[in-house]
Amino acid sequence: MAKEFKLTPARVKELEEELQYLKTTRMQEVVEDIKEARSQGDLSENSEYDEARNEQAKLFGRINEIEDILAHAVLIEDENESNGRIGLGCKVTVEDTRENEVLELRITGSQEANPMQGKLSDDSPLGRALIGKTAGESVVIDSLVGRTEFKILRVTR
């Protein structure tokens, strides 16, 4: 069974735009680079040609990767559940009771996760612990620095 990629509609749009750019503009740039390098003569000792072919391989790899992600994408809808439980697409405010620090997080799929931007994957230890919980509850995470308790302060969509 193929892996499913949990994505918001905005992320799907970003990937579709990137794919379009790679297949048109970037592909043409790489083709031109190969043509130019090929015109310089002996291909066996032409580092520009080798580099252009490597760039082409990277381009094809990224195109295939994006197509695979889009083919197996599962959209995360920002549905508004009346029970207030944490799910994909939720914005969560938690307090790290060890550090007395308040964090604002958005629960996303692994393709969109970016901890530096407060986007937390549902596959991460904290993400898994938060799924299904409500404001007022606490979760405990075991990590390399020990056990950390997070109190859920607010859940919004």
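Predicted model: local features only at pLDDT ≥ 70, side-chain atom pairs only at ≥ 80, totals over all residues.
1. Helix pair. The axes of α1 and α2 lie 9 Å apart, and the two helices pack at an angle of about 160°. That angle makes α1 roughly antiparallel to α2, since the cut-off for this class is over 145 degrees. The crossing of α1 past α2 is left-handed.

2. Composition of the helix contact. Sorted by class, the residues in the contact of α1 with α2 are 16 nonpolar, 11 charged and 1 polar.

3. Main core. The largest nonpolar core contains 16 residues, and Leu7, Leu59 and Ile63 have the most contacts inside it. At least two residues of this core come from each of β1 (5-7), α1 (9-38) and α2 (47-71). The largest share is that of α1, with 8 residues.

4. Another core, of 14 residues, lies apart from the largest one. Val94, Leu105, Leu126 and Ala129 are among its members.

5. Surroundings of Leu7. Neighbours within four places in sequence are left aside here. With those excluded, Leu7 is in contact with Val12, Leu15, Ile69, Ala73, Val74, Leu75, Ile76, Gln111 and Glu112. Leu7 is also one of the residues with the most contacts inside the largest core.

6. Asn100. This residue sits in the loop between β3 (91-96) and β4 (101-108). Asn100 is not a glycine, yet its phi is positive, at about 50°. Its relative accessible area is 61%, so Asn100 is classed as exposed, the threshold being over 50%.

7. Leu144. The loop between β6 (138-143) and β7 (146-156) holds Leu144. Although a leucine, Leu144 counts as exposed because its relative accessibility is 91%. From Leu144 to Lys35 the C-alpha to C-alpha distance is 52 Å, and the two are 109 residues apart in sequence.

8. Arg157. The segment after β7 contains Arg157. With a relative accessible area of 25%, Arg157 is partly exposed; buried would require under 20%. Arg157 and Glu55 are separated by 102 residues in sequence and by 41 Å in space, C-alpha to C-alpha.

9. Points to check when viewing the model.

Key:
Residues numbered from 1 in each chain as written. Heavy atoms only, no water. Helix = DSSP H or I, 4+ residues; strand = E, 2+ residues; numbered from the N terminus. Buried < 20%, exposed > 50% of the residue type's maximum accessible area, 1.4 Å probe, protein only. Core = buried A, V, L, I, M, F, W, Y, C linked by side-chain atoms within 4.5 Å. Contact = heavy atoms within 4.5 Å. Axes fitted to C-alpha atoms, helices over the stretch in contact; angles between N-to-C directions. Parallel < 35°, antiparallel > 145°, perpendicular 65-115°, else oblique. Left-handed = near helix turned anticlockwise from the far one by under 90°. Nonpolar A, V, L, I, M, F, W, Y, C, P; charged D, E, K, R; others polar.
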